[in-house]
Amino acid sequence: MSSWLGSLWGGSSSSSLPYNIEPTAAISSQAFGQHGWAVHNATKKTDGSEATAFQANKAELAKTPARRPASIADARYTSSSGLTQLIPALHHYHRIKRLIHPRILRAHATIDTDYPDESKPSPGLDNLEKSAATGTLIIVTEKSTPLNDWLENLNPHTSQANAAAISWGVYNIVEALTFLHTQAKLAHGMLCPEAVFVTPSGDFKLGGFDLITPVGSDGAQTGPTPHFRQYEGAVCPAEFRSPERVGGRYDLLQSGSPIHAMDCYSLAVLIEYVYTHPNSGTSGVPTPLKKALLRMKNDSPKLRPRLAPLLKCPVFDNPYVKAELFLDEVMSKPVEEKIMFLQSLPDVLNRGVLTENVAIHKILPLLVMGLQSTAKNEQAMAQDVNRRE
């Protein structure tokens, strides 16, 4: 009885989260590309700051096919195969909690209402099939919107601003993937619009960890994992899967292919998708990127290049990206550079180098933080003078 009520109301234990979650979903769990996750607006209980809550009913996930086939080649992934949304959703739930990087969608709080506390531990990532399927999965993240929604809201008549914002977004995703490949030693495996989210300030964040996997046969972990091989054709859109994946040639990935190979291919397709979106207003993929994309989509996984060098492409050498990078690092900059940047802000904003959203969600908080720090220093100095007197 208690598990049924927990499923109906999202679990009484969800109230223990330090966030208020709006009951009405902003995006339905049944919307295309949601994979069973409903998106809700949320606020932090202590200060009212905005957040985003992803909620998935496990009973619904367990009876919903992972994806309708996009082609005859994917017919083996229809509902008759028995693959549902539950296991990929659990995989994502467990993974997003462990991956922390500025370019990865940050999970502030999570709860599986079937396992609200340590008294009944969750089976964990290695035993997802044993997980109870009566409750609700809740992931509260930083405020964000799905990439497709962000693209739909672009003004196609502001092509120059759109191109700058997109270049910054691509830069973000390259950095996220570089972290996964070089530090976490993992391949994302589901890089597509459904796995990218955009913050109010315009930063692109990587999510969608339904398939993330080690790759190769060296070391303690080998891959692609059985989970990846079973679900990748059902979860990842066909056009974002590299030829060896479409052909089921996982041996090519396991033996000798670099860890970045499959994501490199998917990223090339994603870049084309974003730049050619009707609302982008751009004339397609920028010329400096075209040759790089051809190399990234090489049929041979061994010949696809590492992603970090892509950041040196001239398309990212623009005032918008430079200003964004400075804002990311401003707290560690020398005082002289901070002063110079603050002095240049009126001109930067007047010339439209940075958008209004960046000014509101990045620059303004930095200015407030600086004023608070100054006020604290002045108060400390005054207290010190009073003590000496």
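Which residues in α5 meet which residues in α9? In this predicted model, Ala163, Ile166, Ser167, Val170, Ile173, Val174, Leu177 and His181 in α5 meet Asp263, Leu267, Ile271, Val274 and Tyr275 in α9. By class, this contact of α5 with α9 has ten nonpolar, two polar and one charged residues. The briefing below places this contact within the chain and then turns to the strands.

**The chain as a whole**

- The secondary structure of the protein chain comes to 13 helices and eight strands.
- The protein chain has 389 residues, and buried residues make up 50% of them.
- Among contacts between residues at least 6 apart in sequence, 70% join residues at least 24 apart.

**The packing of α5 and α9**

- Two packed helices are described by the angle between their axes and the distance between the axes.
- Helix α5 covers residues 159–184 and helix α9 covers residues 261–275; the two pack at an angle of about 165 degrees, with their axes 11 Å apart.
- Because angles over 145 degrees count as roughly antiparallel, α5 is roughly antiparallel to α9.
- The crossing in which α5 passes α9 is right-handed.

**The sheet of β6, β7 and β8**

- Strands of a sheet pair through backbone hydrogen bonds, either parallel or antiparallel.
- Three strands form an open sheet in the order β6-β7-β8, and their pairing is antiparallel.
- The edge strands, β6 (145–146) and β8 (204–206), each pair on one side only.
- Two bridges join β6 to strand β7 (residues 196–198) in the antiparallel sense.
- Proline 146 has phenylalanine 197 in β7 as its bridge partner.
- Helix α5 also has a place here: α5 lies across β7 and β8, and runs at about 25 degrees to β8.

**Strand β5 and its partners**

- Is strand β5 (residues 136–142) mostly covered or mostly uncovered? Strand β5 is mostly covered, since seven of its seven residues are buried.
- Strand β3 (residues 50–57) pairs with β5 in the antiparallel sense over seven bridges.
- Within β5, threonine 136 stands opposite asparagine 57.
- Strand β4 (residues 107–112) is joined to β5 by five bridges, and these two strands run antiparallel.
- Valine 140 in β5 is the bridge partner of alanine 109.

Key
Residues numbered from 1 in each chain as written. Predicted model: local features only at pLDDT ≥ 70, side-chain atom pairs only at ≥ 80, totals over all residues. Heavy atoms only, no water. Axes fitted to C-alpha atoms, helices over the stretch in contact; angles between N-to-C directions. Helix = DSSP H or I, 4+ residues; strand = E, 2+ residues; numbered from the N terminus. Parallel < 35°, antiparallel > 145°, perpendicular 65-115°, else oblique. Left-handed = near helix turned anticlockwise from the far one by under 90°. Contact = heavy atoms within 4.5 Å. Nonpolar A, V, L, I, M, F, W, Y, C, P; charged D, E, K, R; others polar. Pairing = 2+ DSSP bridges. Buried < 20%, exposed > 50% of the residue type's maximum accessible area, 1.4 Å probe, protein only.
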